[in-house]
Amino acid sequence: IAGGLADCVLCVGFEKMERGSLSTKYTDRANPMERHVEVLNNTFGIEASPFACQMFGNAGREHMKLYGTKPEHFAKIAHKNHKHSVNNPYSQFTEEYSLDQILSSPKIHEPLTKLQCCPTSDGSAAVILANENFVKKHKLENKAIEIAGISLVTDLPSAFRDNSCLKMVGYDMSQAAAQNVYNATGLSPQDFQVVELHDCFSANELITYEALGLCQPGEAGSFIDRGDNTYGGRVVVNPSGGLISKGHPLGATGLAQCCELCWQLRGEAGKRPVPPAE
């Protein structure tokens with residue numbers, strides 16, 4: 001669309017996953033996660049728990065060590081997302097859990113329990129993208145949500161250079177992508193009422209608050225304690241229930257988040273509207 005090759009396109013994402021945690025498939029070639037494994041080994045060491053959970057759980061451990069964050073802060077994120085999902089008919093799980101239930105569920109990798117981890121999911125999502133001329137020609141202004149800015153950033157050298165699990169799971173990458181959008185649009189984190197972010201594990205949601213600038217580095221714990229990440233607070237994060245409860249069919253997840261944001265901005269989010277989402 002940006003290049004003028006098309007006026008309107010359909011984007012589709014889908015995934016049908018195997019049972020259980022993600023695992024290595026090919027042992028006859030270099031693993032694309034080798035450098036991530038090096039960071040794990042150099043910081044907290046390698047354990048027997050699922051690899052992805054180690055990555056993000058260790059990022060949570062590092063945040064606790066640096067800033068005094070507590071296990072309860074991660075559990076509160078899962079509590080929020082499970083509570084949000086009750087009102088989302090597209091969510092894989094729609095059951096609300098107490099904070100005690102989340103903390104006492106089976107430990108997967110310190111500080112993460114089972115109810116703080118995204119499930120294995122099948123799913124699909126689709127969005128229609130169009131330019132402004134197409135939207136006006138077909139009188140779709142009441143449905144179209146404008147993309148004000150977009151940024152794609154890959155791993156930065158700091159992800160592997162600094163022996164930091166926070167950086168290894170993408171803190172600097174997310175921060176750079178967000179800053180690119182803020183610079184391009186003139187918007188700031190204070191301009192948003194609703195956010196869908198990648199909470200594959202509760203620890204990743206917590207550190208992404210800071211990477212996106214929703215709060216300052218080290219302040220995610222107090223941000224959570226004040227309820228500034230849910231209804232009645234400063235911004236509603238993952239009203240869909242997030243990956244933790246809505247599910248995480250890998251190839252569909254990003255588009256599903258875009259769908260949720262469109263529904264929120266159109267006022268079509270059913271029982272979970274974020275007022276006023278502009």
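Reader: How many salt bridges does the structure hold?
Author: There are 12 salt bridges in the structure. This is a predicted model, in which local features need pLDDT of at least 70, side-chain atom pairs count only at pLDDT 80 or more, and totals for chains, interfaces and linings use all residues. Residues are numbered from 1 along each chain as its sequence is written, and side-chain values use heavy atoms, with hydrogens and water left out.

Reader: What makes the meeting of Asp122 and Lys16 a salt bridge?
Author: The term requires a side-chain nitrogen of Lys or Arg within 4 Å of a carboxyl oxygen of Asp or Glu. For Asp122 and Lys16 the N to O value is 3.3 Å, so the pair qualifies.

Reader: Where in the chain are Asp122 and Lys16?
Author: The salt bridge of Asp122 and Lys16 links distant parts of the chain, 106 residues apart. Asp122 is in the loop between S3 and strand S4 (123-130), and Lys16 is in the loop between strand S1 (8-15) and helix H1 (34-43). Helices (H or I, at least four residues) and strands (E, at least two) are DSSP runs, numbered from the N terminus.

Reader: Why is Lys16 called exposed, and what is Asp122 called?
Author: Buried means under 20% relative accessible area, exposed over 50%, and partly exposed in between (1.4 Å probe, protein chains only). Lys16 has 68%, so it counts as exposed. Asp122 has 48%, so it counts as partly exposed.

Reader: Which residues are linked with Lys143 in a network of salt bridges?
Author: Arg266 and Glu268 are linked with Lys143 in that network. Glu268 and Arg266 meet at 3.5 Å, N to O. Glu268 is partly exposed at 36%, and Arg266 is partly exposed at 32%.

Reader: Why are H3 and H9 described as they are, by angle?
Author: The axes of helix H3 (residues 71-85) and helix H9 (residues 202-212) cross at roughly 100° and come within 8 Å. Axes are lines fitted to C-alpha atoms, for helices over the stretch in contact, and angles run from 0 to 180 degrees between N-to-C directions. Angles under 35 degrees count as roughly parallel, over 145 as roughly antiparallel, 65 to 115 as roughly perpendicular and the rest as oblique. H3 and H9 are therefore roughly perpendicular.

Reader: Which residues in H3 and H9 meet?
Author: Phe74 and Ile77 are among them in H3, and Leu206 and Tyr209 are among them in H9. Contact means heavy atoms within 4.5 Å.

Reader: What is the peptide bond from Glu110 to Pro111?
Author: That bond is cis, with omega near 5°. Pro111 is in the loop between strand S2 (107-109) and strand S3 (112-113). The bond from Pro275 to Pro276 is cis as well, with omega near -20°, and Pro276 is in the segment after helix H12 (250-266).
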